[in-house]
Amino acid sequence: MASAGNDFGYCWAVTAFFRFTEGETEEQADFNAAEVLTAVLAQRIEDGDTIPLPQEAQGRPVAVPDAPVQAALLLHFARQGHTLSELARAMGTSWPAVQRLMKPGNPTLKQLERAAAALGKRLVLSLE
């Protein structure tokens, strides 16, 4: 949730994770909020911690994690109830390969993210 600008700039509260960030401009605060969200989610994925489901924006600004974290989250939530071994078999690949997919950092996604940024866009992933 972002607060309005004042003499001190703009402030974001990433309430689901009890983290705060700020910036001198709204754009800087938005960027910093996305960075905080990315870092917190990446660490939770790495640690195997619980990750709350996203909440509806309800007209509030939205911070979005980077593409590698989005991909890891999509796989995390999509595979609920299935083991990594089951997923590996279904994909026709190895368990270590699937384990790597479950963590942020896939170079192909980074390349796509860089290309999207170069085009002034944001990479958004979804599974349907």
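The model is predicted, and local features need a pLDDT of at least 70, side-chain atom pairs count only at pLDDT 80 or more, and totals for chains, interfaces and linings use all residues. Residues are numbered from 1 along each chain as its sequence is written, and side-chain values use heavy atoms, with hydrogens and water left out.

The partner of Glu-46 is Lys-103, with which it forms a salt bridge whose closest N and O atoms are 3.9 Å apart. This pair joins distant parts of the chain, 57 residues apart: Glu-46 belongs to helix α1, whereas Lys-103 sits in the loop between α4 (95-101) and α5 (107-118). The term salt bridge denotes a side-chain nitrogen of Lys or Arg within 4 Å of a carboxyl oxygen of Asp or Glu. Side chains of opposite charge can pair when their charged atoms come close. A search of the whole structure finds one salt bridge. Lys-103 is also partly exposed, at 32% relative accessible area. Not counting residues up to four places away in sequence, Lys-103 touches Ile-45, Glu-46 and Ala-72, where contact means heavy atoms within 4.5 Å. The C-alpha atoms of Lys-103 and Ala-72 are separated by 5.4 Å, although the two residues are 31 residues apart along the chain.

The overall architecture gives these positions their setting. The chain contains five helices and three strands, arranged along the sequence in the pattern β-β-β-α-α-α-α-α. These elements are DSSP runs numbered from the N terminus, with helices (H or I) of at least four residues and strands (E) of at least two. Of the 128 residues, 27% count as buried. Among contacts with a separation of 6 or more, 48% are between residues 24 or more positions apart.

In soluble globular proteins, nonpolar side chains tend to be buried together. The largest nonpolar core here has nine residues: Ala-33, Leu-37, Leu-41, Ile-45, Ile-51, Ala-63, Val-69, Ala-72 and Leu-73. Helices α1 (26-47) and α2 (67-78) each supply at least two residues of this core, and α1 gives the most, with four. The core draws at least three residues from each of domain 1 (12-65) and domain 2 (66-127), the bounds coming from an automatic or database domain assignment. Apart from this core lies another, of five residues, including Leu-84, Leu-87, Ala-88 and Met-102. A nonpolar core is a set of buried Ala, Val, Leu, Ile, Met, Phe, Trp, Tyr and Cys residues joined through side-chain atoms within 4.5 Å.

Helix α3 (residues 84-91) has Leu-84, Leu-87 and Ala-88 as buried residues. They lie on the same side of α3, because they cover an arc of only 100° around the axis; the arc is that of the directions from the helix axis to the C-beta atoms. Arg-89 and Ala-90, on the other side of α3, are exposed. The cover over the buried residues of α3 includes α4. After α3 comes Gly-92, which has a positive phi near 70°.

Thr-38 is in helix α1 and is buried, at 13% relative accessibility. A polar atom of the Thr-38 side chain lies 2.9 Å from the backbone oxygen of Ala-34. Beyond its neighbours within four places in sequence, Thr-38 is in contact with Val-64, Pro-65, Asp-66 and Val-69.

Gln-70 lies in helix α2 and counts as buried at 9% relative accessibility. The side chain of Gln-70 places a polar atom 2.8 Å from the backbone oxygen of Pro-65. Leaving aside neighbours within four places in sequence, the contacts of Gln-70 are Val-64, Pro-65, Leu-123, Val-124 and Leu-125.

Helix α2 also holds Pro-68, which is buried with a relative accessible area of 4%. Pro-68 and Met-102 are 34 residues apart in sequence, and their C-alpha atoms are 9.7 Å apart in space.

How values were computed: Buried < 20%, exposed > 50% of the residue type's maximum accessible area, 1.4 Å probe, protein only. Polar contact = N/O pair within 3.5 Å; in protein donor to acceptor, adjacent residues only side chain to side chain.
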